[in-house]
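Subject: A structure to look through

Dear colleague,

Please keep the structure open while you read.

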Amino acid sequence: MMGNDDALLHRLGTLTLSFAHELRNDVLALRMTAFALSAQQPDDPSVQAVVRTSERMFATLEDLVALARVETAMEHVNLGAVVKSAQSDVAGVTFHNTLPANLFVLGHARLLSRALSVLYKNSITVAEGSVEVHTIAAHGNGSAQIDVIDNGPGIASELEHHIFEPRASTRPGGMGVGLALARLICEAHKGSIVLISGKPHAHFRIEWPAG
Ligand SMILES: Nc1ncnc2c1ncn2[C@@H]1O[C@H](COP(=O)(O)OP(=O)(O)O)[C@@H](O)[C@H]1O
Ligand SMILES: [Mg+2]
């Protein structure tokens, strides 16, 4: 049986999906108008800003909708490329990567990249100095895995056991949904995300069954 919280989250999920579908059509129309405008005024920076923002909004809504039916949208994706795409999304981090050349998993590239971005953005949020992140991808025991280890202060001990739950946050004004979303994405891939160690630094592991 679902608890009250689970039932509420389930209803919110359904609601979110229906909003996303509706918004998606409007944003699609907005994006096409923005493209038409930018063809007429290619040098106008504010038109270019509208194009970029509408593209980002569309991608976010696409990802949300994709998450609901990810098993039909999975393909063989190169983990190295996914890692690179997530890293191109964040500024201000020195990345150290260990990425085998041909490590493929069955998945949805943009969603996986979004899950990694959550980890990288959190490392920036909590950092006290310059941010360094190690990303190590490997074949495990009949599986693939990615370890992400930062050089930050580590996980607050009161959070260690429920860090993936929505609303678990130490960030002022934080919603605590980043890691919950990352977990949702990993589980939609029949994989998992776990905190390997919270001290002295944060060390997360994402794992997939063999694809
Ligand atoms: N790399 C990290 N180092 C230290 N603490 C972290 C790290 N990643 C996440 N956390 C902790 O987990 C909490 C939840 O993260 P998240 O789910 O992304 O939500 P939010 O960023 O909104 O707080 C953060 O507020 C922070 O306390
Ligand atoms: Mg976060």
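How do the residues of the shell around ligand 1 divide into nonpolar, polar and charged? There are twelve nonpolar, ten polar and two charged residues, where Ala, Val, Leu, Ile, Met, Phe, Trp, Tyr, Cys and Pro count as nonpolar, Asp, Glu, Lys and Arg as charged, and the others, Gly among them, as polar.

Before going further, please note that this is a predicted model, in which local features need pLDDT of at least 70 and side-chain atom pairs count only at pLDDT 80 or more, while totals for chains, interfaces and linings use all residues. Residues are numbered from 1 along each chain as its sequence is written, and chains are lettered from A and ligands numbered from 1 in the order in which they are written.

The ligand shell

Of the 24 residues around ligand 1, those that come nearest are Asn-122, Ser-169, Gly-174, Gly-178 and Ala-202; a residue is near a molecule or strand if its C-beta atom, placed from the backbone, lies within 6 Å of it. Helices (H or I, at least four residues) and strands (E, at least two) are DSSP runs, numbered from the N terminus.

Helix α5

In α5, the buried residues are Gly-178, Leu-179, Ala-182, Arg-183, Ile-185 and Cys-186, where buried stands for 20 or more other C-beta atoms within 10 Å of a residue's own, exposed for 12 or fewer, and partly exposed for what lies in between, with C-beta atoms placed from the backbone. These residues cover an arc of only 160° around the axis, and therefore lie on the same side of α5; the arc is that of the directions from the helix axis to the C-beta atoms.

Strand β2

By contrast in topic, strand β2 (residues 93–98) has six residues of which the number buried is zero, so β2 lies largely in the open. Six bridges join β2 to strand β4 (residues 131–139), and the two run parallel; strands pair if DSSP finds at least two bridges between them.

Loops

Arg-167, in the loop between β5 (143–150) and α5, has a positive phi of about 80° although it is not a glycine. A cis peptide bond joins Lys-199 and Pro-200, with omega about 0°, and Pro-200 is found in the loop between β6 and β7.

With best wishes
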